[in-house]
Amino acid sequence: MDWYMMNCELLATCSALGYLEGDVYHREPDCLESVKDLIRYLRHEDETRDVRQQLGAAQILQNDLLPILVQYPQEKLLFDAIIRLMVNLTQPALLCFGKVPADATSRHHFLQVLSYLQAYKEAFASEKVFVVLSEKLYNLLQLDWEQRQEEDTLLIERILLLVRNVLHVPPDPTEEQGVDGDASVHDRVLWALHISGMDDLLKFLASAQVEQQWALHVLEIISLMFRDQSPEELAALGQGTAGAEHGEDTRELETLRQRELAEKRARALQRTSRHSRFGGSYVLQGVKSIGDRDVVFHKGLHNLKSYTHDLGKEPRRLPRRRQAAPEAEPSRRSARNVRLFLRRFCQDFLEDCYNRLMLLVKDQLVREKAQQHDETYYLWATAFFMAFNRLHGFRPELVSETVGVRAFHFIEQNLTTYYEMALMDKKEATTWARRMHLALKAYQELLRTVQEMDRSPEPAVRDSSQVIKSNIFYLMEYRELFLTLFRKFDETKQPRSFLRDLVETAHLFLRMLERFCRGRANLVVQSKRVRRRKKKPCVLAVPAPPSAAELEQLWEGLAPQVQACLEGEVPLPEDVVPFDAASETPVEEQRAAALLRIQECLRQSRVPQALQLLRSAREVWPEGDVFGSADVGLPEETRLLREILVASLPVHAPAEPEELEEEEEEDEEEEEQTVQVSEKEFNFLDYLKRFACAPVVRALVLLLRGYARNSARTNHCAARLLHRLARDLRMEPLLFQLSLFALFHRLLSDPAAAAHQELVTLAKFILGKFFALAATNKKAFVELLFWKSPAIVCEMTKGYSSLQEGEGTTRSRVPPWTPQEEQELRELYWKYKEVEGGDIIAAILAHLPTPGRTRRQVVKQLVRMGLASSAKDFPRERKGTSIVLWTQEQEEELTRLFEEFQGSDDVLGNIMKHLTARRSRARVVEKLLGMGLVAERKELYKKRRRKSHGPSPGQAATGVPAMPTQDSSGEDEDSEEEEEEDEDEAEEGLTEEHWVPEEGAGQDLAQRLHREGLAGPLRWLENCLRRAAGDREEDGVSHPVPLVPLTEENEDAMENRRFQRLLRQLGLRPPASEQESFWRIPAALTPQQLRRAAASIAHRGPSGSPQDLPGPPRCPQEPGEGWGWGCGTPPGVGLALSPPSLCPSAEPLPAGLGSDSESEEPVPVPVPVPSPARPRTKRRRELASEDEDEDGGSSGTEPAPPAPHPEEDEEEEEEDPQPRGRRKRLRCLEEEEEED
């Protein structure tokens, strides 16, 4: 774009800025107003970003803004305006356009803006600019918080954003084509940043206590600084690396030279020394041409290897949707002085800033104070700096914040989220795959760090790694992660580098798991099973008919009512219709249904309706005098009613419940999924068999296709995984695949095959096994065309009839259709095809000789035999009624029934029982809403009555509400869940602020919670009560005090049903409404009552006096114990004590390495693995608590074991320590172990 094509107003504004004369810039008097005008123009630019493009073409930033910034830094207003304008001009093109445009015109504008940004970045590679920015930032940071104004805070943020924008600009591949070691534009910007001292300011911002709000800005800038760097190269830079780098380059060149020499020798052997003038023609036997003859080859024999049928053909274009995903920008080797400065920066950052900055960033991510997708910077920093620390003198205390079970959980949760979003958001699948790759690299680095901790000479570090591994290997989510990623790998969405890191991480995980299992005889892990079962509609049972004596007794009670109705003393209803006019059954055939309705009314003591039905039916069906003659008298009607009452009429089975609407029909067909959590003994080979599937082998083969470009580490990991599947599992036929054999052929014929000796050995081993099997199984050559499963491998080795006889995993296969069964199916199909109004498949299933066939099997076989085009030809019958229109009589009946049952507990249910015409509940609700009888559906909900507990006489006399007392005589505390809900409802309704707790209330329940592992929350509750008592004594004023749980353990306890019962017994008040989220200490409780309540829940030892809380229990799976991170805190040491354990319920409190939690007091109690999910509302917490009770059996069906004597309990804990879990789903298992 030319300068003279600029908008005239924009051109005049730019001209009013000033002019550059040599190195001196002369600004105009209205320079500040012109800068503000440019900001205003940028605010109102169109979707093509025309103003931004015109300013970029005019090089306003290079020729005007930067000189003004350098020469007039003391002009505060002008400096602020220039910074604002440059932040706007340098913002990334993706932020300007939202995404990379798809159409050509918008993409052209996008590329134009990107080219201007690259020119801006080159202009910023100046020490003068960064010196001015650094000095300004330094002066602002020198101000105390009291002196710092809002404008100063905004200027700090804008300077950081400007540095971020400049570093974010991607390189221009057409301009930067230098070799490794040359200084690129990014390197020159980094060097200017270093010379100006900006890197020291960034380290100060990352480590200063008072500058926490800039944590995410600093982390983003640091990630952009190291964008092109590799932690391996930076870590090896100062260790005699010049020779190491030179040696690596030399080895690569030597490999290429050997391959070139081998190709030259092969070409020399293919042709004679004397040149032949006649190339000759050759016939290639066995290679057919277009016709039936063999191919005639008209070139020399040395060109025979390059012959293919595709010669001369136009290459077929690969569709875009099937093209491989593009790789990320490759890392390049920067100039040596830049790498030295970055290596020093890494060292200082790890020693002074890393742990603190990562703690602040994670806290903001968990509390959702950051912007969307800011967790990617956290994942990158975890992977990069932990790798640098591991390779540069491993010191685990420098990265303690990101080592631990909590870090594993956070990364695994984000990785799972990205994976699910990549499956759902198809358009942005590539973006989600890049984020998934970041999370995978962070997960890989965590595993490598834990592996490095195993080799540490310090026992505390080794013990900590054992604790971390025991928790990771115990949980099922971590073990299933790699299987899921392998099975869902898509090369069109995920780049080859993702597959490389996935294979390396899976290899590392398997090796660590194998070594962990090697020294343990019985390893117990968590197992989850998802059970799916279809919801079955409830079928109402037919009630048993009453006996003759009962009917006689009923008639004696009905006789006075019948007499009163016959004499006219009781009015009869007028809107009773004896037949259903909208029914498909003709009116003449509804006579039996009318008799049944009269009998039902009599047996339900509705005599007026029965008498009116009898008289109406007599008018409709006068023939036969079934309902009496036309001139029947009162005694005859009495006799008829008695005969109908005692008659044995055929009762129709109740119809299946109708669907309310289409949504309810879908709900009925839905499958109920229940997750059952249990523990089982772990077998490594059984776990390895999960990898023996076609997707895993296909992914490994895809990675090995580029073995020449892969690193030696990558090839080793892929070959080792294939060797595990073939040799350890003895499933060599799993690798008998043609694409893999083609890869082996290319590898064995490669002149540089000596550099890949491990792959050559694997290829020879697999090929040898294949030809040995092919000698006995001639079908092995055909099997090469297909990917195989373990079942097919078993068939190939043991015989193709072995699995059909009931062996192996195909025992539950569908039995094949024999020719005789196919003939019978064909005859039945043609027999019932012409029957109208019937279900063909149901008729076939009813007459099929072979039992056990399902509807789906029959439909599939019909489609396979060509008798039907698809399964859609046999739709299932839809249930429900087809009545849609309402007659005037039906509307009047509905109005009458609504008015009659309006005050009942179940309005809709009563209306459905007495409605003459059968309708679905959804139709009735819609009609009630349409007629205006109800304003909303909520009015028709069934009312639920709470169970009321009457007050005792003493309480009724004093006016104090009744409270449930604690029974200390060993009552059954593990009652059913429904009983607990009733108790909670009763207690919730009875708890008031003016209730006074009795002395010793809640003592037994508190002791039981102590035994269940809730000692920490009880100690916290005791401290809160004592603190509230002290505050009320000091202030002399009482206010309700909320109980705010600050730790995961206390939050889980506040959701515990028994813990809430204890709170109620102590007189604490639950959230009164949706406006409140926390329990409260009522203002009515005096300090003395609070201290008594605190004393009642204090843990008491054998002598009955309160004692200190016990330490964390040990896990029996690990005999040793040691001091390590994440294991409680010994006195005077920053590390902690805990035995390694595979049971997460025995996970100790992280205090050193891997610790990112905080608590009020250092209590050595187990702490659950945190979840970065947002806090749940009160209603959601109650629902989650009920789900946990159902899953874990906290309201178990067996009575709780009696509490052991304290002394015996301590002896048992010393002799045979058992892990006491904090999770509710493990309580039943623990109680059974105590009973045993």
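Reader: What makes β1 and β2 a pair of strands?

Author: Pairing asks for at least two bridges. In this predicted model, strand β1 (residues 18–21) and strand β2 (residues 24–27) are joined by four bridges and run antiparallel, so they count as paired. Across the pair, leucine 20 faces tyrosine 25 of β2.

Reader: And what lies between β1 and β2?

Author: Two residues do, and the two strands form a hairpin. In the turn, glycine 22 has a positive phi of about 70°.

Reader: Why is helix α11 described as largely enclosed?

Author: A residue is buried when its relative accessible area is under 20%. Seven of the 10 residues of α11 (residues 198–207) are buried, so the rest of the structure largely encloses this helix. The buried ones are Met198, Asp199, Leu201, Leu202, Lys203, Leu205 and Ala206.

Reader: Which helices cover the buried residues of α11?

Author: The cover includes α8 (127–142), α9 (150–168) and α10 (185–195), along with α12 (215–225), α15 (336–352) and α16 (354–366).

Reader: Is glutamine 612 buried or exposed, and how do you know?

Author: Let's set its value against the cut-off. Buried means under 20%, and glutamine 612 has a relative accessible area of 17%, so glutamine 612 is buried. You can find glutamine 612 in helix α25 (residues 607–620). Leaving aside neighbours within four places in sequence, glutamine 612 is in contact with Leu572, Pro573 and Val576.

Reader: Why is phenylalanine 786 called partly exposed?

Author: The partly exposed class lies between the buried limit of 20% and the exposed limit of 50%. Phenylalanine 786 has 46% relative accessibility, so it counts as partly exposed. Look for phenylalanine 786 in the loop between α33 (780–783) and α34 (790–798).

Reader: What makes up the nonpolar surface patch with Phe786?

Author: Leu738, Val782, Leu785 and Phe786 make this patch, which is about 390 Å².

Reader: How confident is the predictor, in terms of pLDDT?

Author: The protein chain averages a pLDDT of 77, and 75% of the residues score at least 70. Among its elements, helix α29 (residues 694–704) has the highest mean pLDDT, 95, while strand β10 (residues 1136–1138) has the lowest, 36.

Reader: Where is the pLDDT below 50?

Author: One such stretch is residues 946–994, which has 76 contacts in the model beyond near neighbours in sequence. Another is residues 804–812, where pLDDT stays under 50 and the model has seven contacts beyond four places in sequence. Where pLDDT is low, the predicted coordinates should not be read in detail.

Methods: Residues numbered from 1 in each chain as written. Predicted model: local features only at pLDDT ≥ 70, side-chain atom pairs only at ≥ 80, totals over all residues. Heavy atoms only, no water. Patch = residues over 30% accessible without salt bridge, like charges linked within 9 Å, V, L, I, M, F, W, Y side chains within 5 Å. Areas by Shrake-Rupley, 256 points an atom, 1.4 Å probe, with all protein chains shown as cover. Salt bridge = Lys/Arg side-chain N within 4 Å of Asp/Glu carboxyl O. Buried < 20%, exposed > 50% of the residue type's maximum accessible area, 1.4 Å probe, protein only. Contact = heavy atoms within 4.5 Å. pLDDT = per-residue confidence, 0-100.
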